[in-house]
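Subject: Structure handover

Hello,

The structure we discussed is below, with its sequence.

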Amino acid sequence: MLTAALLVAAPATAADFATPGGPEPAKLEEVVSALRKDPYDLELLISFGTSKSGSAGHLALAIREPGQDDDLVYSANFYADRDPKHAQHFYTQDLMVRVPKTEYLFGTRSSLGPKASFGLDYGEVYKRALIGVRAYGVPAAERAALASFFGRLNDDFHRRAANTEYHNGEIVYDYMDLNCAKTVGAAFRWGAGYKDLEVKQRGFFSRLSKATSANTPIEMALKLIRAWDARGYTMDVVLYKKYEHSPYVDPREEEPVAFKDLPNRFPSVLSLDFRADQGQYEDYDNLFAMYLLYNLGRYSVRIDPATRAVQIELAKEPLPYARAVAEAERAADADSKGFLSRTLLRPIGRIFWEPTDNTHLYDFDLKPKP
């Protein structure tokens, strides 16, 4: 009788789907295995923003190593800022967290421990969408150099180093300075030898505002995409859709909002669009970024709400980089001028998603427009 009672009670105490401790989606290993059949070496993971305005998003890097069954994601730790409140409630042991990519995207349990942040350190797709830019042909020595530099960032953080060649000031997370985009960019410039890669630095006596001198995820991603093309690496893009039904409310956040109700905005460049409380962008640079990523797109991955299974929803052939850029430039130029003049013409550029609600909901689609 006791055993039967426990079995009846178990579902009531089990964590919900798309929440910490809940069940992982079905067919996850199958889809991950299918994606890994493509011999990519690196993947930039560009997370969407979760605020109505100031949609910067997040940037992390996944490195693939031969013989491993999953990539390792290196991601700057938003809470590694030495704030005592953050140290009490969040994971702050390292400046650069390192977790398996499957955990980072779809996990409901964290290898970092109970203080890890759901939707940031693990299980990102339950909170927001991500775009993965995969690079092919990257030498093993370059991948090793990147991983080594991320290790150095943690070493410098632990010993409270300051004023290095890659950063002015203490090595500690700063949203507008030593942030996710800067740490990834620094790894390529000072770790992997990308000497021409621009990584913005704020001088000791700089008069530049924090916003002006900040590195942003989408701008750094575009710089790296150009650098990869110059090195002869080929690229494609995977869209990891947000699971739109997570009921989870992070108790550590000041505003108690369920993940399903959070904004899911494409990360903006620093432009007039950046602070706009809107669903659609009208700035040339934002339109170019969205159109370029569509042109390079290969897969759309989602969790089906009915079956709770991961699936490769759609697939298409990515354009070669030069053609992808040319078509994105043409479409962004025409569409930005149309938005500026308020001409009632249908945009000619294609993107992964179509806004269905200017507050927070997006309907992602890889199908070409008619």
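A cavity here is a set of grid points where a 1.4 Å probe fits but cannot get out, and lining residues have an atom within 4 Å of such a point. Please keep in mind that this is a predicted model.

The cavity

Searching the whole structure gives 1 cavity of 30 Å³ or more. The volume of the largest cavity is about 80 Å³. Its lining consists of Val31, Val32, Leu35, Arg36, Tyr40, Lys101, Thr102, Leu105, Phe106, Tyr240, Val301 and Val310. Two or more of the lining residues come from each of α2 (28-35) and α4 (101-106). The biggest contribution is that of α4, with 4 residues. By type, the lining has 9 nonpolar, 1 polar and 2 charged residues.

Helix α2

Which residues of α2 are buried? They are Leu28, Val31, Val32 and Leu35. These four lie on the same side of α2, because they cover an arc of only 100° around the axis. On the face of α2 turned away from the buried side are the exposed residues Glu29 and Glu30. The buried residues of α2 pack against α4, β5 (130-136), β8 (234-240), β9 (297-304) and β10 (309-315). Val31, Val32 and Leu35 also belong to the lining of the largest cavity.

Aromatic pairs

The whole structure holds 18 aromatic pairs. One of them is the stacked pair of Tyr79 and Phe90, at 3.7 Å centre to centre with 10° between the planes. Tyr79 is in the loop between β3 (72-76) and α3 (84-89), and Phe90 is in the loop between α3 and β4 (96-100), so this pair ties together parts that are 11 residues apart in sequence. Tyr79 and Phe90 are both buried.

Phe149 and Tyr166 form an edge-to-face pair, with 5.3 Å centre to centre and 70° between the planes. Since Phe149 sits in helix α5 (residues 140-158) and Tyr166 in the loop between β6 (162-164) and β7 (167-170), the pair ties together parts that are 17 residues apart in sequence. Phe149 counts as buried because its relative accessibility is 4%, where the cut-off for buried is under 20%. Tyr166 is buried too, with a relative accessible area of 0%.

Finally, ring pairs join Phe17, Phe118, Tyr122, Tyr126, Tyr243, Tyr248 and Phe259 into a cluster.

Regards

Key: Residues numbered from 1 in each chain as written. Predicted model: local features only at pLDDT ≥ 70, side-chain atom pairs only at ≥ 80, totals over all residues. Heavy atoms only, no water. 1 Å grid on protein atoms, 1.4 Å probe; cavity = no way out; pocket = protein on both sides within 12 Å on 5 of 7 lines; lining within 4 Å. Points joined across faces, edges and corners; volume = space filled by probe spheres on them. Nonpolar A, V, L, I, M, F, W, Y, C, P; charged D, E, K, R; others polar. Buried < 20%, exposed > 50% of the residue type's maximum accessible area, 1.4 Å probe, protein only. Arc of directions from axis to C-beta. Contact = heavy atoms within 4.5 Å. Phe/Tyr/Trp six-rings, centres within 6.5 Å; stacked < 30°, edge-to-face > 60°.
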